Amino acid sequence: METIPEEGRAQYTGPDDIASLPAMPNGAYVSDNSGISFQRTEQGGTLWLGDVSFPCEVTTARAPVAPPPTVLGGPEQLNHVGQSLGGRLRSGPGTNYPQIGNIEDGTYLTILSNTGVSFDGYDWFEVALDNGQRGFQWGGILCSNGGQLVGLYASCQNIPR
């Protein structure tokens, strides 16, 4: 049961139906044609479905949480060509994961996805090397060929060699 005082009604949402209950002068909400009524009390209220009553508790509605904005470099699949500026390849997105390889400066790779795990202002990315090896590298030592990706150090065109 949801009371909507600014509209002068309450709304009952049940397993099989939805009913709008207009407010009555005594503070109750009643729908004559559905047999549903609601009387608010200090402790909560009572919902009547025909001649069966159900005690209710007062709760406050939670504001909807807005989804995070979609940005290039988010958790979606990227399959973006980039280069490593050297460093460790890890088995997971963070320094707490084991090192599974080293990548030389300038090595081309495919940036598969942004894990959403951030460290020191850059994100961890899942990458694939030309030899088929996959792992994770920190975005602070990655650049992209073809524009700046959110969470990476830079576009490779902006790095002096």
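This is a predicted model: local features need pLDDT of at least 70, side-chain atom pairs count only at pLDDT 80 or more; totals for chains, interfaces and linings use all residues.
Residues are numbered from 1 along each chain as its sequence is written, and side-chain values use heavy atoms, without hydrogens and water. Local features require pLDDT of at least 70 and side-chain atom pairs pLDDT 80 or more, whereas totals for chains, interfaces and linings use all residues.

The largest nonpolar core comprises eleven residues, among them Leu 78, Leu 89, Ile 103, Phe 125, Val 127 and Leu 152. Such a core is a set of buried Ala, Val, Leu, Ile, Met, Phe, Trp, Tyr and Cys residues joined through side-chain atoms within 4.5 Å; buried denotes under 20% relative accessible area, with a 1.4 Å probe and protein chains only. At least two residues of this core come from each of strands S8 (77-90), S9 (99-119) and S10, strands being DSSP runs (E, at least two residues) numbered from the N terminus. A second, separate core has eight residues, including Ala 10, Tyr 12, Tyr 29 and Phe 38.

Glu 126 lies in strand S10, which spans residues 122-129. This residue counts as buried because its relative accessibility is 18%. Its side chain forms a polar contact with that of Arg 134 at 3.1 Å; the term denotes N or O atoms within 3.5 Å, where, within protein, one must be able to donate a hydrogen and the other to accept it, and residues adjacent in sequence count only if both atoms are side-chain atoms.

Pro 93 occupies the loop between S8 and S9. Neighbours within four places in sequence aside, Pro 93 is in contact (heavy atoms within 4.5 Å) with Thr 115, Val 117, Trp 124 and Phe 136. The C-alpha atoms of Pro 93 and Gly 116 are 8.9 Å apart, with the two residues separated by 23 residues along the chain.

How values were computed
Helices (H or I, at least four residues) and strands (E, at least two) are DSSP runs, numbered from the N terminus. Buried means under 20% relative accessible area, exposed over 50%, partly exposed in between (1.4 Å probe, protein chains only).
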